[in-house]
Amino acid sequence: MNRKGIITGWLKIVIGLLVFSLGVHLTIRANLGLAPWDCLCMGISFKTPLNYGISMTIISVTVLFIDILMKEKIGFGTIIDALLTGNAVQFFSDIDPFPETESIFCGILIITGGLVLMAVGQYLYMSSAQCCGPRDALLVGLGKRLKRLPIGAVQIILWGLVLLTGWLLGGPVGIGTIVSTFGSGIVMQIVFTYIGFEPRLVEHQSVIDASKILYKG
């Protein structure tokens, strides 16, 4: 990868994360229950003096530490994800361009649409080969160790364990939580198969490797 490829990759990462963030907003907007990671954060906040935001930060740092132990690289994609995704989800929540959900059926359709956008966004920024955000890096790292399983099945297992932990800690679980937990892996597998993308085969560049290319030109 040359300098132009890296800089073009940054644009691809930003677009992918914006698409992903819109998908996250839709799953929240459906108002049918928290996603597994949010359920875990709420559970921790219920059982400890920590609030939701601090719990989320601690989880993100912990997952990043696990990624490093699993020898997953930290790249510009990781940094952009950390800086952009939360703010982008908040932006979509502020402008809130969608009408109120009037039924469980409509809510499930909205969640499904959100999961499709999340999968497309994941493809866009992961295929830039400049590393993933902490949670997707964990997914890929586990996927490399569970090679016989489709990546979508690995996602279901991961989110299922996160949900179970959150529920045991008292985190709220709704029908949307269940749909997200199992639907995310299924939808992601369908989208990735249609596109022909296997995230475990991507050779990512770390911040150091990419910086050397940028410096040398």
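Visitor: Is Q130 buried or exposed, and with what relative accessible area?

Guide: In this predicted model, local features need pLDDT of at least 70 and side-chain atom pairs pLDDT 80 or more, while totals for chains, interfaces and linings use all residues. Residues are numbered from 1 along each chain as its sequence is written, and side-chain values use heavy atoms, without hydrogens and water. Q130 lies in the loop between α5 and α6, where helices are DSSP runs (H or I, at least four residues; strands are E, at least two) numbered from the N terminus. On the scale used here (buried under 20% relative accessible area, exposed over 50%, partly exposed in between; 1.4 Å probe, protein chains only), Q130 is buried, with a value of 0%.

Visitor: Which backbone atom does the side chain of Q130 reach?

Guide: The loop between α5 and α6 that holds Q130 makes a polar contact (N or O atoms within 3.5 Å; within protein, one able to donate a hydrogen and the other to accept it, with sequence neighbours counted only if both atoms are side-chain atoms). At 2.9 Å, the side chain of Q130 reaches the backbone oxygen of I6.

Visitor: What is the phi of A129, and where is this residue found?

Guide: A129 belongs to the loop between α5 and α6, and with a relative accessible area of 11% the residue is buried. Although A129 is not a glycine, its phi is positive, at about 65°.

Visitor: What value does phi take at C131?

Guide: The loop between α5 and α6 also contains C131, which is buried with a relative accessible area of 1%. C131 is a residue other than glycine, yet its phi is positive, near 80°.

Visitor: How does the span of α1 compare with the expected one, and what is that expected value?

Guide: Helix α1 covers residues 3-29, which gives 27 residues in the run. The expected span of a helix is 1.5 Å times one less than its number of residues. From its first C-alpha to its last, α1 reaches 39 Å, close to the expected 39 Å.

Visitor: Which residue does N2 contact at the start of α1, and through which backbone atom?

Guide: A side-chain oxygen of N2 comes to within 3.3 Å of a backbone atom at the start of α1. Beyond the other end, just after α1, N31 takes a positive phi of about 60°.

Visitor: How far apart are the C-alpha atoms of K12 and G77?

Guide: K12 sits in helix α1 and is partly exposed, with a relative accessible area of 29%. Along the chain, K12 and G77 are 65 residues apart, but the separation of their C-alpha atoms is 9.8 Å.

Visitor: How many residues of α2 are buried?

Guide: Helix α2 reaches 17 Å from its first C-alpha to its last, close to the 16 Å expected. Its buried residues are P36, W37, D38, C39, L40, C41, G43, I44 and S45. The helix is largely enclosed by the rest of the structure, because the buried residues in α2 number 9 of the 12.

Visitor: Which residues have the most contacts inside the largest nonpolar core?

Guide: A nonpolar core is a set of buried Ala, Val, Leu, Ile, Met, Phe, Trp, Tyr and Cys residues joined through side-chain atoms within 4.5 Å. Two or more residues of this core come from each of α1, α2, α3, α4, α5, α6, α7 and α8, and the largest share, 6 residues, is given by α5. Among the 39 residues of the core, those with the most contacts inside it are W37 and I59.
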